[in-house]
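This briefing covers selected helices, a surface patch and a set of salt bridges. The points are grouped by topic.

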Amino acid sequence: MTNSLFLLMLDCITELVYIFTSIIFYLFIFLMLFHLQTHDILPLSSSIFRLFCTTGKMRMITFFLVGLTVHVVFFISIFDIYFTSPLVHGMTPQAIPLAPPASRLVLVVADGLRADSLFTLLPNGSTRAPFLRSVMEETGTWGVSHTRVPTESRPGHVALIAGFYEDVSAVAKGWKENPVEFDSVFNESRHTWCWGSPDILPMFAKGASGDHVHTYTYPAAEEDFASTDASRLDTWVFTQVKSFFQSAKSNSSLRASVLEDKNVFFLHLLGIDTNGHAHRPMSKEYLDNIGLVDTGVAELVSIVEEFFGYDGRTAYVFTSDHGMTNWGSHGAGHPSETLTPLVVWGAGVQRALRVTEPQLYDDGYLQDWKLEHLHRADVSQADIAPLMASLIGVPFPVNSVGVLPLLYLNNSDLFKAESMYTNAIQILQQFKMKMTQKKETTLSFLFTPYQQLTESKQTEFTHKARILIQLEKYGDAISLCKSLISRSLEGLVYYHTYDRFFLGCSVVLGFVGWTSYVVMVILKTHASLHRHPSLLNQTRSYTLERLCLCVTVVIAGFLLIQRSPITYYIYCLLPVPVWYSVLKESGTLKDLIKSAPSLPLWKCLGYFVLVAFGIELLVVSFFHRAVLTVGLAVLSLWPFMSGLFGKAKFRSLSWFLGCMFLALFPLMPVVGREPNIHLVTCAGLLTLFTSACYLWSSRQRTPLSFGDRQQFITQMLHVAVCSYVPSLTHSSLQQKQGLPLLNQIISWTTLGSSILVPLLSSTRLFHRLLSIFLSLTATYLLLSTGSEALFLPVLSWLMFVWINIEQEAMLAQGVSGRQELSTIDFAANIDIAKIRHLKLDDIRRSYFFVFFIITAFFGTGNIASINSFDPASVYCFLTVFNPFIMGGLMMWKVIIPFIIVMCTFETIQVVTQLSARSLFLIVLVISDLMALHFFFLVQDYGSWLDIGTSISHYVIVMSMTIFLMLLSVVTHILTSQRLILWRRHKSHFT
């Protein structure tokens, strides 16, 4: 059976499992819906319910902790299944056995430089990079280097210098750490001197063996997006290099080191990237910076050649780590981000080849760049590492997966064949080490080797290639080596994903068990299923415990024999207690099955379709944001379809308008938006207007105390200031005057106080919600650059209407004990006698909540795509490049609407007289069904953008579920607790 056929069967099995589990779960949900619709509230007396609540607090805490643990395990599992390090160690470095053409290499990386920005001619036919253009026309070879997602600086440089694509386990390690030690061209060189950014250079110095990698960096504070001219970063590098060679002339020991062979000189130029972020790639600053770099490279070549006496032994590589979108971001897979320039010249490099026949590229770039007459040699970014190694004769980096691009070499056929053979052996060694590791941790009768490259085939390949080289059949030897490389790379993937299906099944089994258990808890607690006591229950419980214990021992023994990692024990053993809990409730399941035949067919079909359609709509919205617009349009009709319009016309119309206005935002572009600070100011004015209207309209019903009135006025003035700060900051940055210190102080103070200030206000329902809204809006305005600033006021307006209209829905259901909203106090003790059990409408409330959570995430951006965030959003807080602080601020911007929706849901639980546990369980089921859906959609094939998106969707849903659990506690504190900074007079409300 071929590997492709095996993968096809694996995909079919996965699809069947997904379809089966989906049907089972939807049937579960349908049956739960039916019981909530056809049965009355459980006739529990007040005293019994009080006893349940007092003893149930510990149960609720236990359930919360267990649920949190289970979801954390599910969340971490995706990193163990898909985000494990592909690197192996213990291989012997492989070097070409022939003399190299170059003694030294100069590597210049222009960070953030797009291929089209360098290659495109000016309207008058001239070029902004005359030196590099002349190299392409005469002395060197050029092409496009294709990067991979994520298009960020660290993975780009790792691919260039180490020859492999970013170790995915680095996602939790940061930019400057090496999660796993790796080999690089720098490490294999005799000496490497580096000049440039403190974010890039240290990781290669840290990973090197010995002290032969020397780094010279400027202070991190120099990476300032508000700088008058970021090109000074590149000027600094060129100046330092010039000083270095000047010093080497007078310093004998340094001169001796520089004159040795196998040396590398690395220049990291960050100015272009910084100017692109600050001013966009089409700006004068970005384009002028390219000209400055071209001039600097020309001068650099002159200095180097002069120092080495024009010996013709220096090779030069000019490229970029990633490109940049038109709106100044990078990280995703747009061609403007993944296409980077590559220009190579000097010793051992093929000179420019002129062609007259059409080249095999149909992307149209050759015509756009006026380069049809020059041979174009495209490479993958990781191929540059073996190219540099072969030019100066150092061993190929042992972790490299790059394939030597022979079109760049100007050498004998023997050298090319030996180089390709060395490349093949270097990658084959990784395959052998990976196979050995997997074989040692798998029982012999269960181990399935990669059939395309068994041990006998490995020997056959290497022996035949050696013979072909000896017979001087270099072309055949090169073809054979390329075939060996291709199979070795496929084999590396095969063994790297060897346990993926096994682990995936274990996680799915645990997932299905956990969600089934939650459904059982809902049915047992909130549906009128009458349990029939049986004398066999206790005996069955003992039998079940013994069975689970035996299964645990068998699984643990199997994993122990295979010397599996500790995480494997967690994933494989977790389903055992989960399914034990499910099977322990077999009585509930039996009662559920017995009642199934009595269910009306049309109701079964109707509920099934509604639940399935609703959840699938949420899933599709992750791929197409416009689906949220369709969903909001459907939700806007709810009051009219449910009959609420006749009882609450004004609120129903407000709901309709709120949904329709909010529906506009998912239709707006998530990337490429030009800053429009006037809209930020408008959002601030809208916030002030709506707040003033509410305070004016409610002055009779809920009079404010003097302290609360003072706080609201202060908060409104604060919002007014925050709506003006972005305009002032934007103006200052445009004039290149930097970030005003006062604006920075206001911004950080606002951020720090955004959670604390609401705790000072009254705990009356709308008073507390208004304080939260004003406090979070002030921060949101500071993090906005355009139309997204209007999203929060519109969302908050809809949430306000939702609270009001839910009370009308309660009245329509005939629920007694309606309380005026203005009199509800979050901090008041809830009357336990008024707490009710779930009804069918509560499923709708939970679904609304999940829908609004998804809308809050994707309403103004796509958090699954890195480049949907504009760095300009954080310029009120800082302009000096700091990925962690900037990323944290952008995530806080995403979380703010999340908190608004969460506080609304907390309010609805109080208004509708439901315990937090009741609605939360339904929300948990909906979220888990979505997460299970995305788990099956995770893929490790196709484009890198598709792979990254599929994984990020699962991570988002799982993070949302875990975050809901944690944020439910935070929002409860945010709404019900109060800080007393000074003694107040008591206020009495009637």
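A residue counts as buried when its relative accessible area is under 20%, as exposed when it is over 50%, and as partly exposed in between. The model is predicted.

**Helix H8**
- Helix H8 runs over residues 232-250, and its 19 residues reach 27 Å from the first C-alpha to the last, close to the 27 Å expected.
- The buried residues in H8 are Leu233, Asp234, Val237, Phe238, Val241, Phe244, Phe245 and Ala248. They lie on the same side of H8, because they cover an arc of only 145° around the axis.
- An α-helix has 3.6 residues a turn, so residues three or four places apart point the same way.
- The cover over the buried residues of H8 includes strands E3 (191-196), E4 (213-217) and E5 (263-269), together with helices H9 (252-258), H10 (271-279) and H11 (284-307).

**Nonpolar patch and helix H31**
- Leu657, Phe661, Leu664, Leu667, Trp797 and Phe800 make up a nonpolar patch on the surface, and their accessible area together is about 550 Å².
- At least two residues of the nonpolar patch come from each of helix H26 (649-662) and helix H31 (791-812).
- Leu657 belongs to H26 and is partly exposed, at 41% relative accessibility.
- H31 is largely enclosed by the rest of the structure, because 18 of its 22 residues are buried.
- The end C-alpha atoms of H31 are 31 Å apart, which agrees with the 32 Å that its 22 residues should span at 1.5 Å a residue.

**Salt bridges**
- The structure contains 15 salt bridges.
- Arg376 and Asp363 pair through their side chains, at 2.9 Å from N to O. Arg376 is in the loop between helix H13 (365-369) and strand E8 (379-380), and Asp363 in the loop between strand E7 (339-346) and H13, so the bridge ties together parts 13 residues apart in sequence.
- Arg376 is buried at 2% relative accessibility, whereas Asp363 is partly exposed at 33%.
- A network of salt bridges links Asp363, Arg376 and Asp378.
- Glu418 and Arg466 form a salt bridge with their closest N and O atoms 2.5 Å apart. Glu418 is in helix H15 (residues 413-440) and Arg466 in helix H16 (residues 455-470), so the pair ties together parts 48 residues apart in sequence.
- Glu418 is buried at 8% relative accessibility, and Arg466 is partly exposed at 25%.
- In the salt bridge between Lys438 and Asp499, the closest N and O atoms are 2.9 Å apart. Lys438 in H15 and Asp499 in the loop between helices H17 (474-496) and H18 (500-526) are 61 residues apart.
- Lys438 is buried, at 15% relative accessible area, and Asp499 is buried, at 17%.

Key
Residues are numbered from 1 along each chain as its sequence is written. This is a predicted model: local features need pLDDT of at least 70, side-chain atom pairs count only at pLDDT 80 or more; totals for chains, interfaces and linings use all residues. Side-chain values use heavy atoms; hydrogens and water are left out. Helices (H or I, at least four residues) and strands (E, at least two) are DSSP runs, numbered from the N terminus. The expected span of a helix is 1.5 Å times one less than its number of residues. Buried means under 20% relative accessible area, exposed over 50%, partly exposed in between (1.4 Å probe, protein chains only). The arc is that of the directions from the helix axis to the C-beta atoms. Contact means heavy atoms within 4.5 Å. Patches are made of residues with over 30% relative accessible area and no salt bridge: like charges are joined within 9 Å, nonpolar side chains (Val, Leu, Ile, Met, Phe, Trp, Tyr) within 5 Å. Accessible areas come from the Shrake-Rupley method with a 1.4 Å probe; for residues, only the protein chains shown count as cover. A salt bridge is a side-chain nitrogen of Lys or Arg within 4 Å of a carboxyl oxygen of Asp or Glu.
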